[in-house]
Amino acid sequence: MRTQVAIIGAGPSGLLLGQLLTRSGIDNVVLERQTPEYVLGRIRAGVLEQGAVAMLDEAGVGARLHAEGLVHGGIELTWAGERHRVDLNALTGGKNVVVYGQTEVTRDLMDARQASGATSVYEAADVAVDGFDSNRPTVRYRKGGTAHALECDFVAGCDGFHGVCRQSVPTGAIRSYERVYPFGWLGLLSDTPPVSKELIYVSHERGFALCSMRSLKRSRYYLQCSLEDKVEDWSDARFWDELRRRLDPRAVADLVTGPSIEKSIAPLRSFVAEPLRFGRLFLAGDAGHIVPPTGAKGLNLAASDVRYLFDGLVEHYRRGRSVGLDAYSSRALRRIWKAERFSWWMTNLLHRFPENGPFGEKMQLAELDYLFSSKAALTALAENYVGLPY
Ligand code: APR
Ligand code: PHB
């Protein structure tokens with residue numbers, strides 16, 4: 001088999017890139033290790049910046065997002081037991097975010113890909129990328145026990161943090177930067193109305209909490225938890241009790257609880273690999289970087305990487321120019337590092353870090369107090385939260 005762009009991974013990065021390429025007449029094949037059902041079963045974040053929404057529109061998959069997504073012009077931050085609103089819309093001259101689950105984004109992209117007739121190979125095992133330092137890369141994989149080879153012009157490594165693409169790069173050619181946080185997030189999904197119209201980020205002495213949503217009938221809550229905790233340690237009742245302890249009195253009164261439909265623990269990590277291009281192999285999305293979820297940037301960074309990579313590929317195929325592809329890594333990384341900084345800052349501001357002691361706690365409180373007394377400081381939060389320009 002031969003294609004122009006071989007895309008490894010059918011998460012949001014790979015599927016969005018594939019859809020944009022297909023619509024531009026650039027042939028591509030998606031190879032995914034898992035089944036479609038498995039990919040759709042992963043519960044991930046759900047806040048989209050306007051730039052990401054625009055890209056989904058450009059990919060022709062914006063209809064359900066506009067019909068069902070919830071436009072949010074603000075978020076709330078609770079500290080010292082009180083809730084404070086950040087008016088994102090007013091602080092950014094009219095920008096908003098859209099709350100729409102990553103699962104739904106993925107489903108829309110999968111449906112569009114299937115309708116377009118573009119080739120996707122799910123349950124592709126033992127994917128290996130070869131020859132990306134030459135003009136003729138080859139991707140080898142096994143499907144149903146048979147070995148296959150896919151020849152291509154370029155390989156897009158959209159295979160997530162644990163993928164094979166980054167691992168295929170010689171160690172001397174890549175440098176990584178990492179911070180692993182000493183806690184995790186315990187998430188719970190329930191078919192209950194959200195506690196509030198907007199997301200509530202909570203800084204509490206018992207630990208961070210977040211009240212989010214997927215729709216007006218489905219809520220997503222998170223609690224900062226210990227890395228030693230197991231999901232089995234957390235009955236639904238224990239989760240709701242602990243959440244109530246971290247919320248302000250009005251939120252406690254408004255909280256509607258119900259049985260969980262999903263519960264999981266995720267570690268928090270900041271990670272960046274440099275560069276993101278190795279000959280004809282390009283890394284995009286979680287394959288090249290991870291942010292802790294506090295700033296809601298993971299999916300949005302995947303979209304901006306795809307923006308730069310897609311533009312570079314179009315320029316290559318339409319005009320025979322390589323300027324965009326040559327600049328891909330540095331352009332993408334400039335935006336990635338700023339989102340890394342913001343996500344790290346939000347994480348440090350709102351979580352409990354016992355190892356930082358009482359002085360660390362006072363610094364967090366002073367920063368929160370400053371934030372809500374300074375329009376400049378709040379504007380900095382708002383412009384990062386809604387997304388920096390591409
Ligand atoms: N071969 C083929 N596919 C693979 C391989 C492999 N060796 N390894 C991983 N994959 C697949 C995974 O099964 C997954 O479906 O690559 C896909 C990567 O998808 P994501 O992890 O969702 O990464 P990405 O598309 O970059 O999306 C980034 O997802 O993790 C969240 O917070 C993150 O919202 C962000 C978004
Ligand atoms: C979510 O809804 O899952 C979510 C929202 C905002 C975040 C992180 C996760 O910052």
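1. Salt bridges between the domains. There are zero salt bridges between domain 1 and domain 2. This is a predicted model, so read the count with its cut-off: a salt bridge needs a side-chain nitrogen of Lys or Arg within 4 Å of a carboxyl oxygen of Asp or Glu. Polar contacts do cross the boundary. Four residue pairs from domain 1 and domain 2 are in polar contact, with both residues of each pair at pLDDT 80 or more.

2. What domain 1 presents. Strand 7 (97-99) and helix 10 (323-350) each supply at least two residues of the side of domain 1 that touches domain 2. Helix 10 gives the most, with six residues. By class, this side of domain 1 has 11 nonpolar, five polar and six charged residues.

3. How the chain is divided.

4. The area between the domains. Contact involves 22 residues of domain 1 and 19 residues of domain 2. About 1700 Å² is buried between domain 1 and domain 2. Carbon and sulfur atoms give 68% of that area.

5. Ligand 1. This ligand is surrounded by 24 residues. The closest are Ser-13, Glu-32, Arg-42, Gln-102 and Asp-286. A polar side-chain atom of Glu-32 is 2.6 Å from an oxygen atom of ligand 1. For a polar side-chain atom of Gln-102, the distance to an oxygen atom of ligand 1 is also 2.6 Å. Arg-42 places an N or O atom of its side chain 2.8 Å from an oxygen atom of ligand 1.

6. Ligand 2. Around ligand 2 there are 14 residues. Tyr-201, Ser-212, Arg-214, Tyr-222 and Pro-293 are the closest. Side chain or backbone: which part of Pro-293 provides the polar atom that lies 2.8 Å from an oxygen atom of ligand 2? The backbone provides it. Tyr-201 and Ser-212 use their side chains instead. An N or O atom in the side chain of Tyr-201 is 2.8 Å from an oxygen atom of ligand 2. For the side chain of Ser-212, the corresponding distance is 2.5 Å.

7. Salt bridges overall. The total count comes to 25 salt bridges. One of them pairs the side chains of Glu-242 and Arg-206, at 2.9 Å from N to O. This pair links distant parts of the chain, 36 residues apart. Glu-242 sits in helix 7 (residues 236-246). Arg-206 sits in the loop between strand 14 (200-202) and strand 15 (209-213).

8. Backbone points to check. Two places deserve a look. Glu-274 and Pro-275 are joined by a cis peptide bond, with omega about -10°. Pro-275 is in the loop between strand 17 (260-274) and strand 18 (277-278). Asp-126 has a positive phi of about 50°, although it is not a glycine. Asp-126 belongs to strand 9 (residues 125-130).

Note on methods. Residues numbered from 1 in each chain as written. Chains lettered and ligands numbered in written order. Predicted model: local features only at pLDDT ≥ 70, side-chain atom pairs only at ≥ 80, totals over all residues. Heavy atoms only, no water. Contact = heavy atoms within 4.5 Å. Buried area = accessible area lost by both parts, 1.4 Å probe. Polar contact = N/O pair within 3.5 Å; in protein donor to acceptor, adjacent residues only side chain to side chain. Helix = DSSP H or I, 4+ residues; strand = E, 2+ residues; numbered from the N terminus. Nonpolar A, V, L, I, M, F, W, Y, C, P; charged D, E, K, R; others polar. Near = heavy atom within 4 Å.
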